[in-house]
Amino acid sequence: MQQLASNTEFWSLHLMFNSDYGLSYLRQLHSVISWCNSYTMEIVPKAFCIQKSELHLKKMDFLKTKWSYWFTLLDVNHDGLITRDDVGQTAGDFPVEENLDETSGKLAAKKILQWWEKYILKGKTSLTKEDFLCRLEKEYTDDQEKFVTEMKAVIKDVAEIVDADKTESITLDNYIKAFKVWGHEDEAKLQKSFELYKPTNGAIPVKQYEADWVTFYSSTDSANPDPVLKSYEAGFL
C-alpha cells in the first residue's frame with residue numbers, strides 16, 4: 001500500500017509539472033527565487049554600501065572642518081592663501097618673540113622654513129584653502145596610516161621649536177609667544193585655549209600636546225573633541 005501511494009504521488013507530480021498549469025507554476029516559482037537572490041545579492045549590499053558611503057562622507061566632512069581651522073592658522077597674514085609671506089613672517093617673528101640670540105634665532109628660523117617646505121608648501125609657492133583640503137583628503141584616503149605618521153612628524157617638529165627652553169613641556173608663556181607668531185594677539189583667549197589642555201603644574205607635557213594635535217589632524221571621532229578643536233569652536237584661536 002505504501003509503495004502504491006508513493007507511485008501515485010510520483011505520477012501526480014509528474015502530470016502536474018508537465019501540464020500547462022505545472023509549467024506556469026514552475027515559472028512563477030523560478031521568478032520568486034530569482035527575485036529573492038537579486039534582493040539578497042544586489043539590494044542589500046547596495047544599501048550597505050550607501051550607508052557606508054554616507055558614513056565615510058560624514059567622517060570626511062568632520063576632518064575637512066578641522067583642516068579648515070588649521071588652514072586659518074597657517075594663513076598667518078589672513079589673506080586667504082598660504083604663501084611664502086606666511087613662511088617669512090613666522091620665521092622672522094619667532095626669534096624676536098622668544099628673545100633668542102643671533103645664533104639660536106637663525107637656527108630656529110631655519111627649522112621653521114624647513115618645516116613649511118617639508119609639510120605644508122611641498123614645492124608650491126601658494127595654496128588656496130581648496131588646494132590644501134584636497135591634498136589632505138587625498139593623502140588621508142590613499143593611506144591613513146602614512147597620513148597619521150606624517151601628522152605626528154608635523155607636530156613633533158613644531159613642538160621642538162615651541163619648546164624653546166627644552167623642558168619637554170609647554171608653558172603658558174611658550175604657548176602665547178608661539179601663537180602670536182601665527183598671528184594671534186589676544187592673550188586672554190590664548191590663556192583660555194591653553195587651559196583646555198588641563199596643564200600639569202602650569203605646563204603641558206610635550207607628548208600630550210603632540211598627541212592632542214595628531215588627534216585634531218586625523219581623528220574622525222566627533223564625539224570626543226580634542227583641546228585643539230575645542231579652542232577653535234570656542235573662538236579662542
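Me: In which hand of crossing does helix 4 pass helix 6?
Reply: In this predicted model, helix 4 passes helix 6 in a left-handed crossing, that is, the near helix is turned anticlockwise from the far one by less than a right angle. Helices here are DSSP runs of H or I with at least four residues, numbered from the N terminus.

Me: Which residues make the contact?
Reply: Lys111, Ile112, Trp115 and Tyr119 of helix 4 meet Glu150, Ala153, Val154, Asp157, Val158 and Ile161 of helix 6, where contact means heavy atoms within 4.5 Å.

Me: And what about the angle and the axes?
Reply: Helix 4 (residues 102-121) and helix 6 (residues 144-162) pack at an angle of about 165 degrees, with axes 10 Å apart; axes are lines fitted to C-alpha atoms over the stretch in contact, and angles run from 0 to 180 degrees between N-to-C directions. The two helices are therefore roughly antiparallel, a term for angles over 145 degrees.

Me: New topic: how many aromatic pairs are there?
Reply: The structure holds 21 aromatic pairs, counted when ring centres of Phe, Tyr or Trp (its six-membered ring) lie within 6.5 Å. The rings of Trp115 and Trp182 have centres 5.8 Å apart and planes at 75 degrees, so this pair is edge-to-face, meaning planes over 60 degrees apart.

Me: Where in the chain do those two sit?
Reply: Trp115 is in helix 4, and Trp182 is in the loop between helix 7 (172-181) and helix 8 (187-195), 67 residues apart.

Me: How far can I trust the details?
Reply: Local features need pLDDT of at least 70, and side-chain atom pairs count only at pLDDT 80 or more, whereas totals for chains, interfaces and linings use all residues. Residues are numbered from 1 along each chain as its sequence is written, and side-chain values use heavy atoms, with hydrogens and water left out.

Note on methods. Parallel < 35°, antiparallel > 145°, perpendicular 65-115°, else oblique. Phe/Tyr/Trp six-rings, centres within 6.5 Å; stacked < 30°, edge-to-face > 60°.
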